[in-house]
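Good morning, and thank you for coming. Please look at the structure on the screen while I speak.

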Amino acid sequence: MAAVQRQIQLPLSKALGIALASLRVRLGRSLLTLLTIIMAIAFLTNIWASRVFEPPMRAAKLAAQGLADVANIEAGGGTSRMVWLISLSLLVCTVGITNAMLMSVMERFREIGTMKCLGALDSFILKLFLIESFLLGLAGSLAGALLGQVVTIALLARNYHGHVFANLPWGSAWLILLASTAIGMTITALAALYPALKAAKMQPIAAMRVEV
Amino acid sequence: MTETMTAPASATPEGREEIVRTIDVVKEYKMGEETLRVLKGINLTIYKGEYISIMGPSGSGKSTLFNAIGGLDKPTSGKVFIDEVDIAQLDALELAWLRCRKIGYIFQTFNLIPVMSALENVKLPMIFAGMSNAEADEKAANILKRVDLGHRLFNKPSQLSGGQQQRVAIARAFANDPAIILADEPTGNLDLNTGKQIITLLKEMNTERQVTVISATHDFKMLDVSDRIIWIRDGNIDKIQRRDEVKIEVGEMH
C-alpha cells in the first residue's frame with residue numbers, strides 16, 4: 001500500500017463546471033438573490049444616470065423653446081440625501097445576499113460533507129461558492145445596470161421627448177454601466193465571503209447527520 | 001547459513017495484514033456540565049479483505065466508533081491506525097488524500113450530489129484524484145455497468161429509485177479503487193428485497209476486489225455475509241464473533 005500522500009489542488013476549471021451546474025439546477029432559488037442584486041443596482045444606476053443624462057437634455061429643450069438654462073436646479077432633492085438612499089439600498093442588498101447564500105449553504109450541508117468525504121479540500125468548497133456568487137453577481141449587476149439605464153431613458157423621454165437621444169452623453173452612459181456593474185459585483189463578493197467560509201469549514205461528518 | 005525470518009509487525013500468525021487498528025479509543029461529549037462517555041476504550045483490529053459488521057443498539061456507540069475508524073471524527077483519547085498510519089498525525093491535505101484514495105464511504109441516505117447525473121457522481125472522486133475527464137468517463141461507466149446501471153448513466157438521483165441510488169453510491173465508493181469501504185447503515189433506507197440486493201452486491205465487490213468492508217448496521221441480513229461481527233454495547237465491545245460462531249434461532253440472535 002502506498003504511503004499517504006497529499007491531496008492536490010484542483011484547477012479552477014473544475015470548480016467552475018460544478019458551480020455552473022449548481023446554479024443552473026438551482027435557478028429558482030438563485031433567482032431571489034439575482035433579483036435583489038438587479039433591483040439594487042437598477043436603483044443605483046437610475047439615480048446616477050438621471051443626474052448625468054438630464055442636464056444636457058434639459059438645456060436642449062430650453063434652448064428649443066428660446067429660453068436659457070438659467071437655474072441649475074437639482075432634480076429631486078439634495079445630493080447627500082441621494083447618497084444616503086443609495087448607500088442604504090446597497091446595504092440592504094448586501095445583507096439580503098448574505099442571508100440568501102447562508103440559507104443555501106445550510107441547505108447543502110449533506111452535499112458539502114459528502115464532497116469532503118470524497119476528498120474535496122476546504123479551498124475547493126470555498127472556490128465553489130465564491131464562483132457561484134461571482135457568476136450571480138456578474139449576471140445580476142449587468143442586468144441591473146442595463147435595466148436602470150433603460151428605465152432612466154424611458155422616464156426622461158416622458159419629459160424631453162425628441163431631445164433624448166440627440167443629447168444622451170453616450171460616453172458617460174457606458175461609464176455608468178461599467179461602474180454600476182463593478183459596484184454590484186463588489187458588494188456580492190463581500191456578501192458571499194462569510195457564507196463561503198462557513199461552507200469551506202464544514203466537517204465531513206456533516207454528511208452523516210440524520211436530521212436537516 | 002541460517003536466516004531468521006521475522007514476520008512483519010503487521011502480519012498475524014495466519015499471515016493476514018492489518019488494515020485498521022484502534023487502541024483504547026475513548027470518545028466523550030460535554031453536555032453542559034456533564035460529560036457523556038460514548039466510547040469507553042475500544043481496542044480492535046481489522047484485517048485486509050475482511051467483511052466486518054459492527055452491530056449494536058441505538059446509543060451503543062456504534063456510529064461513533066464507525067466515525068472514529070473512518071477518520072470522520074477525532075477520538076477524545078486513544079489512537080486509530082489506518083494501514084499503520086496514525087490518522088491523528090495527518091494534516092488536512094493528507095486526510096483529504098486518504099478519503100479520496102484509500103477510503104470509500106457509503107451512507108444510509110445515499111448522499112448523491114443532486115445536480116449531477118449518475119455518471120458525474122461516480123466521476124467526482126476520480127476528478128478529485130486528478131484523473132482526466134476522458135479516463136474518468138470510461139472508468140465510471142464501467143463501474144456503473146458492473147452494478148447493473150449501464151442504462152442509467154445520465155439519470156439524476158431524483159430519477160432513480162432508492163436501490164438504484166445506493167448502487168450509484170456503491171459505484172462511487174469504489175471509484176478510486178480504495179482499500180477500505182465504510183458503509184453506514186447501507187440498507188437503512190431500503191426495503192427488504194432491495195436491501196438484500198445491496199448486501200449481495202457489497203459482498204461480491206468485497207470478494208472480487210479484495211477490499212475490506214466495514215459496515216455499521218442494524219440489519220441482521222448483513223450477518224450472513226460478514227466474516228466477523230463486532231457487537232458493541234454501552235460504549236464497549238461486547239464480543240467479536242466469526243460468522244460460524246453466530247447461532248441464529250427462530251426469532252432470536254445469540
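I begin with a convention: a crossing is left-handed if the near helix is turned anticlockwise from the far one by less than a right angle, and right-handed if clockwise. Helices (H or I, at least four residues) and strands (E, at least two) are DSSP runs, numbered from the N terminus. The model is predicted, with local features requiring pLDDT of at least 70 and side-chain atom pairs counting only at pLDDT 80 or more, while totals for chains, interfaces and linings use all residues. Residues are numbered from 1 along each chain as its sequence is written, and chains are lettered from A and ligands numbered from 1 in the order in which they are written.

With that convention, the crossing of α5(B) and α6(B) is right-handed. Helix α5 spans residues 162–173 of chain B and helix α6 residues 192–209; their axes come within 10 Å and cross at roughly 15°. Axes here are lines fitted to C-alpha atoms, for helices over the stretch in contact, and angles run from 0 to 180 degrees between N-to-C directions.

On the α3(B) side, the contact is made by B:Ala118, B:Asn121, B:Val122 and B:Pro125, and on the α5(B) side by B:Val168, B:Ala171 and B:Arg172. Two residues are in contact if their C-beta atoms, placed from the backbone, lie within 7 Å.

Let me turn to the sheet. In chain B, 6 strands form an open, mixed sheet in the order β6-β7-β8-β3-β9-β10. The edge strands, each pairing on one side only, are β6 (103–106) and β10 (236–242) of chain B. Two strands pair if DSSP finds at least two bridges between them. Strands β7 (180–184) and β8 (212–217) of chain B pair in the parallel sense over 5 bridges, and B:Ala183 stands opposite B:Ser215 in β8(B).

Finally, how many residues does each chain bring to the contact between chains A and B? Chain B gives 28 residues and chain A gives 24. On the chain B side, α2 (92–102) and α3 (118–128) each supply at least two residues, and α2(B) provides the largest share, 8 residues.
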